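Me: I am about to look at a structure that is new to me. Please take me through it by question and answer.

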Amino acid sequence: MKETPEKKQLSSQGSSRYEPKPLEDRWQSHWKDIGIDRTRPIAKEQNSFFALSMFPYPSGNLHMGHVRNYVITDVIARRQRMLGFAVLHPMGWDAFGLPAENAAIERGVDPADWTKKNIAQMRQQLSRLGLSIDWDKEITTCDSDYYKWTQFIFLELYKNGLAYQKEATVNWDPIDKTVLANEQVDPDGKSWRSGATVEKKKLKQWFLRITDFADELLEGLDLLKGWPEKVRTMQANWIGKSIGAEVSFKVKSEQDFNITVFTTRPDTLFGVTYLVLSPDHPLVDKISSKEITRDIEAFRNMVSNPEKKDTFSDDIPKHGLNIGCSAINPVNNQLVPIWISDYVLNDYGSGAVMAVPAHDDRDYLFAKKYNLPIKQVVIQKPIAKGGEEIDSAYTGKGILKDSGQFTGMDSREAKIRITEYLSERKLGETKVNYRLRDWLISRQRYWGCPIPIIHCDNCGVLPLEQDDLPVKLPLDVKLSGKGTSPLIDSPSWKNVSCPKCGSSNATRETDTMDTFICSSWYFLRFADPNNNNQPFNKQSINDWLPVDQYVGGVEHAILHLLYARFLTRFLYRNGLISVNEPFKNLLTQGMVQGLTYKNPVSGKYIPSDCILDQSNPIDPQSGEKLNVHYEKMSKSKYNGVDPESVIKKYGADTARMFVLFKAPPEKDLEWDESDVEGQFRFIQRLWRLFENYINLHGDSIICSEEDREDSLNSISPSRDKELRRFVHRAIEAINTDLDHGLHFNTAISELMKLTNSINDNLYLVSRSVAVESISTLVKLLAPFAPHVAEEFWMKIGGQNSIHVQEWPLVDKQALSTDNYELVIQIKGKVRGSINVSTNSSKEQLENIVRESDIAKKWLGDKLPSRIIVVPGKLVNLVP
């Protein structure tokens, strides 16, 4: 980075008043000219630091959630540079996806043009925040020079047997006309994006075998010490490892059919009173009574559009149908009826459940609804009397009853013994099961990464060679938003010659990939974004990965973060990279919430500018008193705040300081303009402080020998010492705040306290101490409010940019004090404290405390029988 002679002049152009817009424009232009934010090569023996925010979808407009996310990461990146790290702080765009395709349909434009326009607009908005982003590293997932390598990774997965195609019942979004992964269906059965009720369809789909990595992904969570416990728990629950038994129930029929179930409670096998299959289980049509075929189809239609909560929930109605056949319980040979129900999923376990209503909550509710037998086989100690009414399922440990040779056995041992019994007779075996399903990546849409596969009538499924990449999207496609994939309607693109046999009866794969594929490896590309020969250079990955600090919303805990871990582990296993986890530390920031006014009767939200009296909010049309509370910012709720308007009114530094100070980063932030004004006033207070400093000491922070001599002969040496102690306590406290939990709000609080201390002592301390204090303050301020910090640095004669200065070091000697507060305890209870000299001996402390008013108040004339002294902390008097 080369400084220019204009740099000194930049500050002098400013007004004596704090006017954020011209100041911020000036410094942003200067930083761009000198390339201050470019990533520097890692010097010998220099440590690297990769700071990354989850990249945005280019919707065209920043919202306050974006501002909070990117400012948090920027503070981290700026401070790490000042600490001497080589820093990578890039930005990119998660640019494929349905919103762009839908917008293109509505507006009659090319989704690529719409996306590029939005990116340009958002890049400009981000720049106004003063973010230290290296735009030379920018990537966009819809650019063919990026998705070429997404296709390369897909082919590597295919070659390793981890990408495959099969017919499957899928979640179909009838509005967006595409398939959704299970993770993209909300608990109420709605699409995560469109809100449509999800339907079930059978389609041939592409999957990635993420289940092959289930154990790795689960075990790896223990190593992610820098991740929130909540996120690790969410991922562990989603993977859902269960150890139990796989049990075979023979169907009573002329044909040889067996139903395999997985259970974590083989100890309850003697309590099975019915079996339940998912409505789409492949055996249903083969074993069911022919008389109820129509009933089965009607039942399937009824449950195919589930407008209900999670199927696994216990507090919702269960629907079922007896399909007119039975199976044989392998441990007691008793016949149990077979049902189908919507609380059993075909893609979880084997799609079949052995129902033990006495010991499972869902089974109990179902049995009660359909009047099915409930047989208790596990009881608590002591053994209860028989014949008691069972009014709820008992799911705990206990002793087996009515369980043949296993009666009286502890249920934990019984799990092992019954599984052994089944295994010996080839009726079952120990089994590990996972809730995690393979990742469905097929999408029936245009604006996504093409899947690099050819289908030939003669040769079957053929992967393309790397030299044939990228498979680019065609430009002659008409988007309607209806029916199957738009790529089917482009014969010039779809129809190709077979690369193996040369036949003209070959076609390209017309599904595109789930956009989560693109976002599951983008962080790797940032290490080497201009490489035309590889997705990334292995040495570049070693230099920068894993990401040292990743920042984004907790809503991505399962989808994005789990998929990113999967692809990272695959690339590691395949020898393409040398790291097996993508993100070392993770911060999931809270939402930004705005005040809403909601009519409790109609449920409608009312714009705040329609309310005449904010202290008594009334719906102007209906006269109803409105409910007032904070909710996530949304246009539909009229509670959004445009970052542009905030920056225009208060400046980017004020906006940054507000989102950092208002709440801890992991908590939700409630927008309040009065708090924004509070940060603006703080910056104005800083502005006046620096003006006072310049008036007193001039525009220089260079100290002469004469200044140092003045310090030694200061008229108020105690003031010098006190202010230095404040300065170095602030450095120490801010280091603690930022190194242990990223407590930006308390760090800014320390800046405010330090500002007050300097202001109170500025005219009472020597010049050298004033210089040290004011230069330390501006360095500590720099990551938080980069524009005014740069302005202050130039005004006081600082050399080069404030953002290339070294972070202040703590002077331990400056922290030392002549006195300290000694705690006085009487019989172990704190009764007060007194100020004592740090040089006091143990005997002196005993005498001081004995003669203290505190001791006299609590002991009177009595002498203590024992005195316990902990020098530097406390004295305990024992009567």
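**Charged pairs and enclosed spaces**

Reply: Asp215 has a relative accessibility of 30%, so this residue counts as partly exposed. The model discussed here is predicted.

Me: With which residue does Asp215 form a salt bridge?

Reply: Side chains of opposite charge can pair when their charged atoms come close. The closest N and O atoms of this pair are 3.1 Å apart, and the limit for a salt bridge is 4 Å. The partner of Asp215 is Lys241.

Me: How many residues apart in sequence are the parts that Asp215 and Lys241 tie together?

Reply: Asp215 belongs to helix α7 (residues 214-220), whereas Lys241 belongs to strand β8 (residues 241-251). The pair therefore ties together parts whose separation in sequence is 26 residues.

Me: Is Lys241 buried, partly exposed or exposed?

Reply: The relative accessible area of Lys241 is 37%. Buried means under 20% and exposed means over 50%, with partly exposed in between. Lys241 is therefore partly exposed.

Me: In which helix does Glu772, the salt-bridge partner of Arg724, lie?

Reply: Arg724 and Glu772 meet in a salt bridge at 2.7 Å, N to O. Arg724 lies in helix α22 (residues 717-739), and the pair links distant parts of the chain, 48 residues apart. Glu772 lies in helix α24 (residues 767-781).

Me: Which helix holds both Lys753 and Glu750?

Reply: The side chains of Lys753 and Glu750 form a salt bridge of 3.1 Å, N to O. The two residues are 3 residues apart, about one turn of the helix. Both lie in helix α23 (residues 744-761).

Me: Why does Asp548 have no salt bridge, and which side chain of opposite charge is nearest?

Reply: Asp548 sits in the loop between α16 (538-544) and β24 (549-553), and this residue is buried. The side chain of Asp548 reaches the backbone nitrogen of Phe50 at 2.8 Å. A salt bridge needs a nitrogen within 4 Å of a carboxyl oxygen, whereas the nearest side chain of opposite charge is 4.6 Å away. That side chain belongs to Lys584.

Me: Which helix gives the most to the lining of the largest cavity?

Reply: The count comes to 2 cavities of 30 Å³ or more, and about 40 Å³ of space lies in the largest. The lining is formed by Leu62, Gln125, Leu129, Asp642, Pro643, Glu644 and Ile647, of which 4 are nonpolar, 1 is polar and 2 are charged. The greatest contribution, 3 residues, comes from helix α18 (residues 643-650).

Me: How many charged residues are in the lining of the second largest cavity?

Reply: The second largest cavity has a volume of about 30 Å³ and is lined by Thr150, Ile153, Phe154, Leu157, Leu208, Ile517 and Leu567. Helix α6 (residues 144-159) supplies the largest share of this lining, 4 residues. The lining residues divide into 6 nonpolar and 1 polar, and the number of charged residues is none.

Notes
Residues numbered from 1 in each chain as written. Predicted model: local features only at pLDDT ≥ 70, side-chain atom pairs only at ≥ 80, totals over all residues. Heavy atoms only, no water. 1 Å grid on protein atoms, 1.4 Å probe; cavity = no way out; pocket = protein on both sides within 12 Å on 5 of 7 lines; lining within 4 Å. Points joined across faces, edges and corners; volume = space filled by probe spheres on them. Nonpolar A, V, L, I, M, F, W, Y, C, P; charged D, E, K, R; others polar. Buried < 20%, exposed > 50% of the residue type's maximum accessible area, 1.4 Å probe, protein only. Lys, Arg positive; Asp, Glu negative; His and termini not counted. Polar contact = N/O pair within 3.5 Å; in protein donor to acceptor, adjacent residues only side chain to side chain.
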